[in-house]
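Reader: I would like to learn how to read a model like this one, feature by feature. Where should I start?

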Amino acid sequence: MLTGFGGKVAVTSPLPGYVRNGIYTIDEVLRHVTFDHPIKKKTLLVDFDGDLMDMSSMRYLVFKMKGIECVVCGIVGSYFAKEYDAKIPRVEGRPLKWHFNLYAMGVDGAEVLMTKDHIVPVSRGGGNGLRNFQTMCSVCNGVKGGNALLG
Ligand SMILES: [Zn+2]
């Protein structure tokens, strides 16, 4: 387990168009995630080194409650990176919309993004509650990046 990043380490995001501002341990991020704010009906803002992060995300809750290991290949998330998608136009006067992306280290040393996956697809009647989500890496999930990461 990696400890004590405290947002000090910053390397380039592997996601096209993403800007990264530090990495954090699993505990530094998930200790702020609770059932009391499971979805985006309410915001739960936490200050991470000057950036207000909304911790009321189903994705974070899935990582906290279902684990940080891919259900298919078994790769395990190592750390969170604070990132935002620079392709989304900025709204004047509003703060940047930072979020945390969870990454594992692949066998080749490249970062592998971890995602939440619908166990039963929405197209087949699956819901958007916690029970219908599981943790899956982006390789197994077929996600190439973009909006699928958010939420
Ligand atoms: Zn996987």
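Author: Start with confidence, given as pLDDT, the predictor's confidence in each residue, from 0 to 100. In the chain, β3 has the lowest confidence, with a mean of 89, and α1 the highest, at 97. Helices (H or I, at least four residues) and strands (E, at least two) are DSSP runs, numbered from the N terminus. Where pLDDT is low, the predicted coordinates should not be read in detail. The chain average is 84, and 82% of the residues score at least 70.

Reader: What conventions apply to the numbers?

Author: Residues are numbered from 1 along each chain as its sequence is written. The model is predicted, and local features need pLDDT of at least 70, side-chain atom pairs count only at pLDDT 80 or more, while totals for chains, interfaces and linings use all residues.

Reader: Which pattern does the chain follow along the sequence?

Author: The pattern is β-α-β-β-α-β-β-β-β-α, made of 3 helices and 7 strands.

Reader: How is strand pairing read, and which strands form the open sheet?

Author: Two strands pair if DSSP finds at least two bridges between them. Here 5 strands form an open sheet with antiparallel pairing, in the order β1-β4-β5-β6-β7. β1 and β7 are at the edges and have a single partner strand each, so one side of each lacks a neighbour in the sheet. From one strand to the next, the twist averages 40 degrees; axes are lines fitted to C-alpha atoms, for helices over the stretch in contact, and angles run from 0 to 180 degrees between N-to-C directions.

Reader: How many bridges join the strands, and which residues are partners?

Author: β1 and β4 are antiparallel over 5 bridges, with valine 19 opposite tyrosine 84 in β4. β4 and β5 are antiparallel over 6 bridges, and glutamate 83 has histidine 99 in β5 as its bridge partner. The antiparallel strands β6 and β7 are joined by 5 bridges; methionine 114 is partnered there by cysteine 137 in β7.

Reader: How is burial judged, and how many residues of β4 are buried?

Author: A residue is buried if 20 or more other C-beta atoms lie within 10 Å of its own, exposed if 12 or fewer, and partly exposed in between, with C-beta atoms placed from the backbone. In β4, 8 of the 9 residues are buried. Over the 151 residues of the chain, the buried share is 30%.

Reader: Why does serine 57 count as buried?

Author: Serine 57 counts as buried because it has 22 C-beta neighbours inside 10 Å. Its place is the loop between β3 and α2.

Reader: Which residues of the largest nonpolar core touch the most other members?

Author: A nonpolar core is a set of buried Ala, Val, Leu, Ile, Met, Phe, Trp, Tyr and Cys residues joined through C-beta atoms within 7 Å. The largest has 28 residues, and those touching the most other members are Tyr60, Phe80, Phe100, Tyr103, Met114 and Cys137. At least two core residues come from each of β1 (18-24), α1 (26-30), α2 (58-66), β4 (77-85), β5 (99-105), β6 (111-118) and β7 (133-137).

Reader: What does methionine 114 touch?

Author: Contact requires C-beta atoms, placed from the backbone, within 7 Å. Leaving aside residues up to four places away in sequence, methionine 114 touches Ile68, Cys70, Gly77, Leu102, Tyr103, Ala104, Thr135 and Cys137.

Reader: Where does α2 lie?

Author: α2 lies across β4, β5, β6 and β7, at about 90 degrees to β7. Its buried residues are Arg59, Tyr60, Leu61, Val62 and Phe63, and they pack against α1, β4, β5, β6 and β7. Glycine 67 follows α2 and has a positive phi, near 105 degrees.

Reader: What is phi of aspartate 49?

Author: Most residues other than glycine have a negative phi. Aspartate 49 has a positive phi, near 50 degrees, in the loop between β2 and β3. Aspartate 49 is exposed, with 12 other C-beta atoms within 10 Å. The antiparallel strands β2 (residues 45-48) and β3 (residues 51-54) are joined by 4 bridges, and phenylalanine 48 is opposite aspartate 51 in β3.

Technical notes. Contact = placed C-beta atoms within 7 Å.
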